[in-house]
Amino acid sequence: LPFAALLKMMGPAMKRMPLPPDRREVLAAEFRKNDPRIVRRAVHCYFQYLDRHGSVASRLCEADVPAWVVHGERGDGGITDDERRTLEACSRIRVITLPGASYFTPNEEPALVAKLVVEALGRVRSDEEQQRS
């Protein structure tokens, strides 16, 4: 029942998010298509995963692969001070904090996300070329 109510409230809740009105309506309609039982199970599994593995910052650092962590200054994509310190200590990880609140960054700022992806891929290619030289 709580997940069914959550899905029904998604449209009104999204009105507070900085999304273009037409995009907001499309996203709200997509959210309402979800089966509450599946949402409940997915959220439950996600919390189990977090309990089992904790913060991904140290695992990402240990993976020793290039990665960009992009998150909003406020909103649902924040990182803790400890996670920031861990990530910033890793030479292959770049932490990018977007100013303001961010809930659905790819929908709020699609041009910025595309720019960051292109920049990240360009940097990886450049690093690989330097390693071969």
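This is a predicted model: local features need pLDDT of at least 70, side-chain atom pairs count only at pLDDT 80 or more; totals for chains, interfaces and linings use all residues.
Residues are numbered from 1 along each chain as its sequence is written, and side-chain values use heavy atoms, with hydrogens and water left out. Local features need pLDDT of at least 70 and side-chain atom pairs count only at pLDDT 80 or more, whereas totals for chains, interfaces and linings use all residues.

The mean pLDDT (the predictor's confidence in each residue, from 0 to 100) of the chain is 81, and 84% of the residues score at least 70. Among helices and strands (DSSP runs numbered from the N terminus; helices H or I, at least four residues; strands E, at least two), confidence is lowest in helix 1 (residues 2-14), with a mean of 65, and highest in helix 5 (residues 81-88), at 92.

Six salt bridges (a side-chain nitrogen of Lys or Arg within 4 Å of a carboxyl oxygen of Asp or Glu) were found. One of them joins R37 to D35, with the closest N and O atoms 2.7 Å apart. R37 is exposed at 64% relative accessibility and D35 partly exposed at 25% (buried is under 20% relative accessible area, exposed over 50%, partly exposed in between; 1.4 Å probe, protein chains only).

E119 forms a salt bridge with R94, the closest N and O atoms being 3.0 Å apart. R94 belongs to strand 2 (residues 93-102) and E119 to helix 7 (residues 110-132), so the pair ties together parts 25 residues apart in sequence. E119 also bridges to R123, at 3.8 Å between the closest N and O atoms. Through shared partners, R94, E119 and R123 form one network.
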